[in-house]
Amino acid sequence: MNIIEDRERRTAWFSKDRFGMFIHWGLYAIPGRGEWVQRDEQINQDKYAEYFDEWNPTHYDPVKWAKMAKQAGMKYAILTTKHHEGFCLFDSAYTDYKSTNTKCGRDLVREFVDAFRAEGLKVGFYYSLLDWHHPDYPAYGDMYHGDRNNKALMGKTHNFENYLTYLHNQVRELMTNYGKIDILWFDFSYKGHMGEDWHGTELVKLVKSLQPDIIMNGRLEANGENYGSVMTDEPNVFSGDFASPEMIIPPAGLQTPSGMDVPWEACFTLNNNWGYAPNDKQHKNPRQIIKKLVECVSKNGNMLLNVSPTAKGDIPQWQQDVLGTVGNWIRDNGDSIYGCGRSEFPKPEWGRYTQNGNKLYAHIMEESIGAVALPGLKGRIEKARRLSDGFEMVTMTPWVAKEFPDCEFINYGLPEYFSFTTDEEIDTVIEITLKEEG
Ligand code: GLC
């Protein structure tokens, strides 16, 4: 089996499941100014570590989180086991800077894995390649480190090899101690720190030897800006199995130069921060999330939607509300998401198509005046039903449509002047069963 076939085999479930939960949780929930606060505000390591002394998420109940994710229609979840700050949510033998050494004394990763698995969700680990706590990670003069301008550290030597051993050891722990892990999500590479700089070949080998079916993103050689060699026809050993666009939906999905589809997963925040940021009120709304999820699927991609728990361990109520509404829509319309991808028909002007075999899903997002035109579908419709309730759609050619012979039309009923309104609907999905062509 070549590398592409192997990737297709391992990513098959992922390209069906389409919707996952991202969870950014760490000490940065205490300052509540985003997970980059240590860098943004140039907080030195010792000062930052004071949050460690405070950490005590007494409300942490991953069973609740898992049920929320499931109700939202998400099929997998990815938790930050360690973000750039270096604090480990798991019981690592290689550091003291871990949740089991805080007031809470719990292995938060283990509880996450157990709870999400119990709900039938797949589990993934985000692991930061950067580490702003480890003494052997470059600080002074690094591009991002909170101490990058801290003159007190000028000339301080560090042994990056030690850090790499630490990184590999921790990845081994994560791949060994928590059962089957479905996704490993590295974050991220930058100049001087990419691919082999992480001893990447060895790292990938290690991961695959412990978790043969796992899928990985491409950030062992890439980041949000560039997706790396997964975009080529000959991906290298660091390429991972899917690209990770961040806060953007690729305009036309992702293909290699020869036109081969590249699996991808776009990740999004619910406001403008990954970590808990209560003052960031730029909340996205459920309509937007649903429409953008549909857009991802219509371009053969996944959506990974982030939640940002508080330092106490609660997912903010407003985020729960968004997930709740998204979940209600998915409950009725999930067939148009799971197992679906790009359609053989071009994007219609009133919305989008997703498709799964001979089922074509018309996502009607704009109101119509009269029946809705389906260009190119003349003679192709066996039947059409509103997906949410199975209500029969009338397939017709209105008497005023003689000038548009390649169009089929659908409507809620007769007469043909009935209009689709979108006042209450976010996205009305019509399931069209296609006839074989010819
Ligand atoms: C970024 C950031 C980070 C976030 C990630 C999610 O590259 O470093 O804070 O975790 O994107 O995609």
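Trainee: How many bridges pair E6 and E7, and in which sense?
Mentor: E6 and E7 pair over 5 bridges, in the parallel sense. Two strands pair if DSSP finds at least two bridges between them. Helices (H or I, at least four residues) and strands (E, at least two) are DSSP runs, numbered from the N terminus.

Trainee: Before I go on, what should I know about the model?
Mentor: The model is predicted, so local features need pLDDT of at least 70 and side-chain atom pairs count only at pLDDT 80 or more, while totals for chains, interfaces and linings use all residues. Residues are numbered from 1 along each chain as its sequence is written, and side-chain values use heavy atoms, with hydrogens and water left out.

Trainee: Back to the strands. Which residue in E7 stands opposite Cys-267?
Mentor: Leu-304 does.

Trainee: What do E6, H9 and E7 make?
Mentor: They make a right-handed β-α-β unit. Right-handed means this: with the strands pointing away from the viewer, the path from the first strand over the helix to the second runs clockwise.

Trainee: What is the strand order in the sheet?
Mentor: The order is E5-E4-E3-E2-E1-E7-E6. That is an open sheet of 7 strands, with parallel pairing. E5 (215-216) and E6 stand at the edges with a single partner strand each, so one side of each has no neighbour in the sheet.

Trainee: And what about E1 and E7, how many bridges there?
Mentor: E1 and E7 (residues 301-307) pair over 5 bridges, in the parallel sense. Met-21 has Leu-305 in E7 as its bridge partner. Phe-22 stands opposite Asn-306 in E7.

Trainee: Which helix packs on the sheet and touches E1?
Mentor: Helix H6 (residues 108-118) does, and H6 also touches E2 (76-82) and E3 (122-128). The direction of H6 makes about 155 degrees with that of E3. Axes are lines fitted to C-alpha atoms, for helices over the stretch in contact, and angles run from 0 to 180 degrees between N-to-C directions. Contact means heavy atoms within 4.5 Å.

Trainee: How many residues of E7 are buried?
Mentor: 7 of the 7 are buried, so E7 is largely enclosed by the rest of the structure. Buried means under 20% relative accessible area, exposed over 50%, partly exposed in between (1.4 Å probe, protein chains only). Both faces of E7 are covered. Gly-301, Met-303, Leu-305 and Val-307 are on one side, with Asn-302, Leu-304 and Asn-306 on the other.

Trainee: New topic, rings. How many aromatic pairs are there?
Mentor: The structure holds 33. Rings of Phe, Tyr and Trp (its six-membered ring) pair if their centres lie within 6.5 Å; planes under 30 degrees apart count as stacked, over 60 as edge-to-face and the rest as tilted. Trp-13 and Phe-14 have ring centres 5.6 Å apart and planes at 75 degrees, so that pair is edge-to-face.

Trainee: Is Phe-14 buried or exposed?
Mentor: Phe-14 is buried, at 0% relative accessibility.

Trainee: Which ring does Phe-22 pair with?
Mentor: Phe-22 pairs with Trp-274, edge-to-face. Phe-22 lies in E1 (residues 19-23) and Trp-274 in the loop between E6 (264-268) and H9 (286-298), so the pair ties together parts that are 252 residues apart in sequence. Phe-22 counts as buried at 2% relative accessibility, and Trp-274 at 11%.
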